[in-house]
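Okay, thanks everyone, let's get going.

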Amino acid sequence: MLTQSQYPDYKFVCRINHIKTFHAAIKSICFSDFGTFLISEDGMRITVDQAKSIQATVYMVPSFFEEFYVQDLQSFGIKVNVLAECLSLYGLADCGVKLLYKGDGAPLMILLDPHDDEDLSTECAIKTMNVDEPMEYELDVNSSTLNTLFIRGPDLSNIFHELDKAAEEFEFTISPRSPHFKITTLGVIQSESSVEVAKTSDMMLMFNCQSTTVARYKSQQIRMTNKSLQVATKVAIKTDSSGLLELHFMLQAENQEDIYVQFFVTPLLDIE
Amino acid sequence: MKCTLEGNNAKVIAKAIQSLSKVGKELYIEADQQGLQLRAINATHSAVGSISFQRCMFETYNLPSSQYCYCKISMKVCLATFRNMKQVEHCEMSIVENHTKLQVKLRCKLETMKQALIAIIDDQNINAAVSKEASPNVIRGDFKLFMEISNNFNTNEEELTLEVDSNSLAAKNYIEGARVSDRFMRSQLKLKSSEFDQYLVTKNTVITFCIREFRAFLLFAETLNAPLNLEFNEAGDPFLLKINKHQEIECILIMSTLSPDDVSFSEDNCQRELTVDETPDSQQVVSKKRKNSQPIEANAPEKRRVEPDDSLMESNSSLSNSLFQFRPSEPPSVEAVRQLADVDTLMVIPDEADEEALMLAAADAAMATQMPKTNPNPSVPSSTEVCFYNTEDTTIVDQQQHLEEEEDDEEESIPQSPEREQRKIRTIFSRCFQSTYVPREPSPNSQVYVPNSDTED
């Protein structure tokens, strides 16, 4: 464990030995330029938002890291795509990474050590910005209309992959009666298609549905979750009568804790 | 109409749709008491593909009270629905919503159900008239053999020419005597009749058809693991490709072929006189068949040519390249013959077509008479050998020896193109030698929907 004395100047230090999953998680939220880092004793969160209608957060618990030290609550903004590029400096080679942050105004230092070459190491410094706290979306856990589904990652990935790419909107229907989980594509002339999964299906790890919810989302936003979906082992889909959709991806890595990527997508409202 | 299919049969239907998608942009579905037929026709109406599934392939099969129904749907949408069939266990197709939509329900593994509602465009249908008489030439072979033939040619080849006689079949990507550019690589694959399951050629012929649709159906034959039947008569007549699997699945592809009028010197087998016919058909045909520039330097015939009509002997010179240059990049010759559907008849402007026809015939005749007989006789390569010809080769094959020396190892080559002669032809066809072409009238290849209403013209 780190002690204060080892890193007197740094407000935040962490180390990860195998960056593969971490890198995949960062890449999956690169749909927007700026991300907000929020680091506390509970873990590290990186949040990305677009147009206030879709928000993605990557978060890791302290036990995910080999080393994790933070002083108070640190929050800063950086460009996530630059961070993703720095992590991909060694291509597919597995590296260890160390993140260091001195505090307000200081850049985020990234030290990369490839495992296959002991003589090489890279140091990057990414400028940080002051940011406001990201908007917090939350689904009321006590709501009577809260529906929660746990689905196997690869199977859901197949379903999403086969959805019509030309469609503009996807309509999600979750219901205690059949159809239990249905995605309909809308907006394509000459064809409407839908995919239904029964609640008894093997791919449904958990199906907790109180009442029927139907909501529409922009297909473009749902497709932003593709990268996370491809690497996720499990996906939790939560929604309630408000229509706010929470997609919770669990990225599992061997010998490591899970990384969670959480997407909030706001529904399209009928203006009539 | 409502029918259901078990998973594997549904996969076959999906493959059929994929093959038909390479033929046409719309899928015609017809359901009657015998079963379900899927058809497609290509854009130029020169190929019609029809795949029929007998009733016994379906689990349940319900027809409306009229006992038949047909509809036309967009191929693109249909393809998207039937794209991923790996997980499919059961398929149901029905026409719903007062005959405006086709509903396809695919029940997949893991209790997933995919459903698609495809809008029906209209209820047109294609009728492909197939002659019930047996064709003079029937060739049957395993799909693997035809795959080999097809793989011999580039994927961007447009046409395939089959030259058949009683003992052998030659597959080529060119027509002898056709005007092609110097860069054109000609390849030929010769097969003995014994390679095929059944080889019945009663009429030696050279027939050319579009390879794209051929390959599409070949792909389907591969899925079915069934042999292909080729039935044809002669150049200009329809070419039939049939696949039959257990009497349950029957496929037929009818393609139009190049008329011999376009093929200046196909063979001795096509003993036709190069006369200029006044009928609209041949005018259409002749005016549309144009290959790219430098026709004269390209291959001249290999075999001894038919003696052309005496009347054409007057135009006893070869015409310069500029004659053909004002028709750049013509549509592929598959458009030339439309012997099937009576649609899209072209309005040919008689004067120009006449002139062109005459010019073409003249050129043909000229080439016929000017073959240098200087080189030794090469012989036909042995069966299944692929030959590549150099456009500058100048040998000519004597047809007698050609048949006798089939087993020799020397290569065939193309005779040298005839020398240019400056004759009085220039004064007769003076306009042909002008370097620029001013299209005062619309080209005969195009369809005139509305005549020019400009009062000044």
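So, chain A and chain B bury about 1,400 Å² between them, and 45% of that is on carbon and sulfur atoms. Buried area here is the accessible area, with a 1.4 Å probe, that two parts lose on being put together, summed over both. Who supplies chain A's share? Glu162(A), Gln190(A) and Glu192(A) supply 40% of the area that chain A buries against chain B, more than any other three residues.

Quick housekeeping: this is a predicted model, where local features need pLDDT of at least 70 and side-chain atom pairs count only at pLDDT 80 or more, while totals for chains, interfaces and linings use all residues. Residues are numbered from 1 along each chain as its sequence is written, chains are lettered from A and ligands numbered from 1 in the order in which they are written, and side-chain values use heavy atoms, with hydrogens and water left out.

Back to the interface. In terms of contacts (heavy atoms within 4.5 Å), 17 residues of chain A touch 14 residues of chain B. How many salt bridges are there between chain A and chain B? The count is two, a salt bridge being a side-chain nitrogen of Lys or Arg within 4 Å of a carboxyl oxygen of Asp or Glu. One pairs the side chains of Glu192(A) and Lys101(B), at 3.8 Å from N to O.

Which elements of chain A give two or more residues to the side that touches chain B? Those are helix H3 (153-162) and strand E13 (191-197). E13(A) gives the most, with seven residues. Helices (H or I, at least four residues) and strands (E, at least two) are DSSP runs, by the way, numbered from the N terminus. By class, that side of chain A has five nonpolar, six polar and six charged residues. For the classes, Ala, Val, Leu, Ile, Met, Phe, Trp, Tyr, Cys and Pro count as nonpolar, Asp, Glu, Lys and Arg as charged, and the others, Gly among them, as polar.

Now the chains themselves. Chain A has five helices and 18 strands, and chain B has nine helices and 19 strands. Of chain A's 272 residues, 53% count as buried; for the 457 residues of chain B, the figure is 55%. Buried means under 20% relative accessible area, exposed over 50%, and partly exposed in between (1.4 Å probe, protein chains only).

On sequence range, take contacts between residues at least 6 apart: in chain A, 64% join residues at least 24 apart. In chain B, residues 24 or more positions apart account for 71% of the contacts with a separation of 6 or more.

Last, the backbone. In chain A, a cis peptide bond joins Ser178(A) and Pro179(A), with omega at about -5 degrees. Pro179(A) sits in the loop between strand E11 (169-174) and strand E12 (181-186).

Over in chain B, look at two glutamates. Glu97(B) has a positive phi, near 55 degrees, and isn't a glycine; you'll find Glu97(B) in the loop between strand E7 (88-96) and strand E8 (101-108). Is Glu97(B) buried or partly exposed? Partly exposed, with a relative accessible area of 45%. Glu111(B) also has a positive phi, about 55 degrees, and is in the loop between E8 and strand E9 (112-122) of chain B. At 41% relative accessibility, Glu111(B) counts as partly exposed.
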